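Hi there,

Here is the structure I promised to pass on. Please have a look, and my notes follow below.

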Amino acid sequence: MRADLVPDDLWERVAPLLPPAPERRRRCPGRLRVPDRAALGGVMYVLRTGVAWRDVPAEMVGCSGVTAWRRLRDWTEAGVWPRLHSTLLSELRSADLLDLDDCAVDGSHIRALKRGDHVGPSPVDRARPGSKHHLIVDRNGSPLAVTLTGGNRHDVTQLLPLLDAVPPIRGVRGRPRRKPRRLFADRGYDFDKYRRLLWKRGIKPVIARRGAAHGSGLGKVRWVVERAFAWLHQFKRLRTRYERRADLHQGLLELACSVICLRRLQRTQAAVDQ
């Protein structure tokens with residue numbers, strides 16, 4: 001298996017979260033089970049390159065694409081990816097690399113090539129089937145939560161579900177944090193109803209007004225969520241939705257968010273070592 005597919009830093013955090021392997025039968029045990037790290041390498045290969053599962057090079061990765069898909073399915077159903085993301089967010093906060101006071105939200109359309117859950121006619125792609133990624137990030141652009149909906153869902157309808165998806169983030173003494181103090185958003189979120197709902201949650205909405213002249217200055221803070229989308233879509237499997245099952249695409253999204261958080265930790269550690 002290529003060592004760069006699953007670095008040691010990633011494997012050390014994923015391994016404790018994986019469900020135990022089923023016991024082999026004594027009679028007719030069959031072939032040996034593919035190691036979990038090799039299967040994770042297959043998942044990472046598809047996530048990064050965007051190739052079909054059947055085209056995964058088994059000789060290089062260490063497992064077939066079918067095995068990698070099955071392991072992705074099992075791990076997604078076991079809830080591995082949200083726990084991995086939550087663990088890395090806590091590490092970021094412990095290292096003082098997470099600024100939860102100011103957060104930003106936005107949505108991004110992607111084309112869906114297969115039918116399935118959370119697929120709808122996209123208003124920006126001539127009503128072709130599509131889905132939407134909804135993302136909330138901290139002031140530094142670290143992804144806090146990501147959700148998946150149909151392409152015809154308005155961004156503002158997912159604002160509260162997205163806030164609810166932020167896990168309790170530990171890492172320092174005291175209660176875990178899971179909501180920002182100020183939330184920045186563009187004109188698509190300009191609804192007084194949602195402003196009131198944010199105030200009720202103790203969150204100050206900083207949302208651009210529709211019809212107002214451009215140059216509000218929010219771009220100086222909001223640009224981090226656009227950059228986070230660029231980071232997410234560097235994983236080619238996320239640029240277009242191929243998975244019919246919404247939970248599997250959601251699992252890949254959460255795995256990509258975890259990798260982004262891990263990279264930030266690694267860059268900081270490398271700077272300290274120098």
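Buried means under 20% relative accessible area, exposed over 50%, and partly exposed in between, with a 1.4 Å probe and protein chains only. This is a predicted model, in which local features need pLDDT of at least 70 and side-chain atom pairs count only at pLDDT 80 or more, while totals for chains, interfaces and linings use all residues. Residues are numbered from 1 along each chain as its sequence is written, and side-chain values use heavy atoms, with hydrogens and water left out.

Salt bridges to begin with: there are 22, each a side-chain nitrogen of Lys or Arg within 4 Å of a carboxyl oxygen of Asp or Glu. One of them pairs Arg33 with Asp36 at 3.2 Å, N to O. Arg33 is partly exposed at 38%, whereas Asp36 is buried at 18%.

Another joins Asp164 to Arg201, with the closest N and O atoms 2.9 Å apart. Asp164 sits in helix α6 (residues 159-164) and Arg201 in the loop between α7 (192-200) and β6 (204-207), so this pair ties together parts 37 residues apart in sequence. Helices (H or I, at least four residues) and strands (E, at least two) are DSSP runs, numbered from the N terminus.

Now the inside. The largest nonpolar core has 78 residues, and Ile136, Leu144, Leu183 and Leu232 touch the most other members. Such a core is a set of buried Ala, Val, Leu, Ile, Met, Phe, Trp, Tyr and Cys residues joined through side-chain atoms within 4.5 Å. Helix α9 (residues 246-273) gives the largest share of this core, 12 residues.

Best wishes
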